[in-house]
There are 2 protein chains.
Amino acid sequence: MAMMLVNGTPADSIPVTDRGLAYGDGVFRTLCAVDGRPLHWARHYAKLNSDCAALQIPCPDAATLLAEVRAASAAVAQASVKIIVTRGSGPRGYALPQPCVPTRIVMADAYAPMPQNENGIHLHLCRLRLAHQPALAGVKHLNRLENVLARAEWSDAAVAEGLLLDQTEHVIGGTMSNLFIVENNTLITPDLSRCGVAGVTRARVIDLAKQAGVTCRVEAVSLQRVLDADAMFVVNSLIGLWPVARLAERSWAPNALSKQVAQWLKADDAARH
Amino acid sequence: MAMMLVNGTPADSIPVTDRGLAYGDGVFRTLCAVDGRPLHWARHYAKLNSDCAALQIPCPDAATLLAEVRAASAAVAQASVKIIVTRGSGPRGYALPQPCVPTRIVMADAYAPMPQNENGIHLHLCRLRLAHQPALAGVKHLNRLENVLARAEWSDAAVAEGLLLDQTEHVIGGTMSNLFIVENNTLITPDLSRCGVAGVTRARVIDLAKQAGVTCRVEAVSLQRVLDADAMFVVNSLIGLWPVARLAERSWAPNALSKQVAQWLKADDAARH
């Protein structure tokens, strides 16, 4: 049973006039909490703050949100937590309400462990192409119809994720995850300056690689480059790391660097407990 | 005081788990009702139905929705009505919920007459460029952050609307309206196959022009073509028609064909009372 707080008060609904509903005018985060303590909180809050800034939404303060995340997740040993911040309610029309009173929603569920998928997942190659919108690129906002339409392209339960390309045929990531490829013991993750969501786990992998002395670059990635890579994996805050075993006709064997990155992430999680 | 129905029942809130909030996973309509009778209902319902189909959302049936629009707007002589249809609630994640139980929201307010602006409005030339997404182009969905960001570019109350261009510098329309230009007694409205919202009033103008024997074409329109036009106007269901008097350094005098189109729309509204 989910625990939900709306502006700090137990509640399971929001006003129909909220701009989060009317326009998708808000941002969100998904993260894990252990014994009421959110993992990688500083990173998640920093990202929430910068995503709010991109939309000119005043970000709720860190202490208030942290207290709400702790309260919502305290009752379960392992929780998956979703935070939504919207621009709040306003009169009809697109103009920003003055003053702006953001709505904050914190939802915590008992964490249903995601499949380990240690042997690797199958990826669907999505037909939908992501649009280029530099004003929103990287931001985890509530305008997610592209992800919904892409995810609706397959229903085979054996396919865990879909691979999204943009309008210029560059690989961007998964529908709910960021992507890395391995080339000669180097990590490459797609440039997200025109579309996609720049997730916290992606940022952690970039930093952990640097600490370990492994080269990790952010670059434009073509589909052919993915197919030619030594290995590929996807990451997010709930799944950790899933190696990719198959995309279309191409299959990959387990890879040493991919395994190493998975271990970095697990050790880093454990250090934050 | 607004009258609100959620799934036919008086209510002013929706579950926080609704995908309309989580992903902007839904569509909407804005229209006028007179004495509880929505104007141009058949067109609005047809558009709602086709927008739902674009998102693979089962559209509520016409009789149910019409009864709710009438009930919500019955108490006021002139009402502005907003209809939202979302994919409803579902488990976490982008995958479509099975079964899908859409949420329908009908809100009616006493209609605050929009400024007549018969002498023409000032247009802000938006810096934001609309992204190309053919899978969503034309659809009035709930992913409207581009409109929000564009509308946030100006706060001068003397500027009534903003002009939006796309990534390839084609003129698309207003932030909340569709656009027509007049060239030698011909009407031109931008092609919306890559972005923008194809509104009901735009469709009415196209049909009314045809009935009147006035040529009206859907074409790619550059900013220079707009500046060179004999006249320009914007339309939507609430404002009717606003002539454009000024954009940047360019100003326009009142135009006979623009006035004629405004009269067509008013006569067509009156015929539906």
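Of the 273 residues in chain A, 47% are buried, a label that requires 20 or more other C-beta atoms within 10 Å of a residue's own, with C-beta atoms placed from the backbone. Before going further, please note that this is a predicted model, in which local features need pLDDT of at least 70, side-chain atom pairs count only at pLDDT 80 or more, and totals for chains, interfaces and linings use all residues. Residues are numbered from 1 along each chain as its sequence is written, while chains are lettered from A and ligands numbered from 1 in the order in which they are written.

Let's start with chain A as a whole. It holds seven helices and 16 strands; helices (H or I, at least four residues) and strands (E, at least two) are DSSP runs, numbered from the N terminus. The radius of gyration of chain A is 19 Å, close to the 19 Å of the globule rule for 273 residues, so the chain is as compact as a globular protein of that length. That radius is taken over C-alpha atoms, and the rule is 2.2 Å times the number of residues to the power 0.38. Along the principal axes, the C-alpha atoms of chain A fill a box of roughly 50 × 40 × 35 Å. Among contacts in chain A with a separation of 6 or more, 71% link residues 24 or more positions apart; a contact here puts two C-beta atoms, placed from the backbone, within 7 Å.

Next come the domains. Chain A is assigned domain 1 (3-110) and domain 2 (121-271), with bounds from an automatic or database domain assignment. Their centres, taken over C-alpha atoms, are separated by 25 Å. Where they meet, 18 residues of domain 1 of chain A are in contact with 11 residues of domain 2 of chain A. On the domain 1 side, β4 (26-34) and α2 (41-54) of chain A each give two or more residues, and β4(A) gives the most, with seven.

β4(A) also belongs to an open sheet of six strands in chain A, ordered β2-β1-β7-β6-β4-β5 with antiparallel pairing; strands pair if DSSP finds at least two bridges between them. At the edges stand β2 (9-10) and β5 (37-38) of chain A, each with a single partner strand, so one side of each has no neighbour in the sheet. Two bridges join β4(A) to β5(A), and Ala33(A) has Pro38(A) as its bridge partner in β5(A). Helices lie across these strands: α2(A) runs at about 175 degrees to β4(A), and α3 (62-73) of chain A at about 30 degrees to β7(A). Such angles run from 0 to 180 degrees between N-to-C directions, with axes being lines fitted to C-alpha atoms, for helices over the stretch in contact.

Finally, look at how the two chains meet. In total, 41 residues of chain B are in contact with 40 residues of chain A. On the chain B side, β1 (3-6), β3 (13-15), α1 (19-23), β7 (103-110) and α4 (145-151) each supply at least two residues, with the largest share, six residues, coming from α4(B). That side of chain B divides into 24 nonpolar, 12 polar and five charged residues; Ala, Val, Leu, Ile, Met, Phe, Trp, Tyr, Cys and Pro count as nonpolar, Asp, Glu, Lys and Arg as charged, and the others, Gly among them, as polar. Strands bridge the chains too: β3 (13-15) of chain A and β3(B) run antiparallel, joined by three bridges, and Pro15(A) has Ser13(B) as its bridge partner in β3(B).

Terms used. A residue is buried if 20 or more other C-beta atoms lie within 10 Å of its own, exposed if 12 or fewer, and partly exposed in between; C-beta atoms are placed from the backbone.
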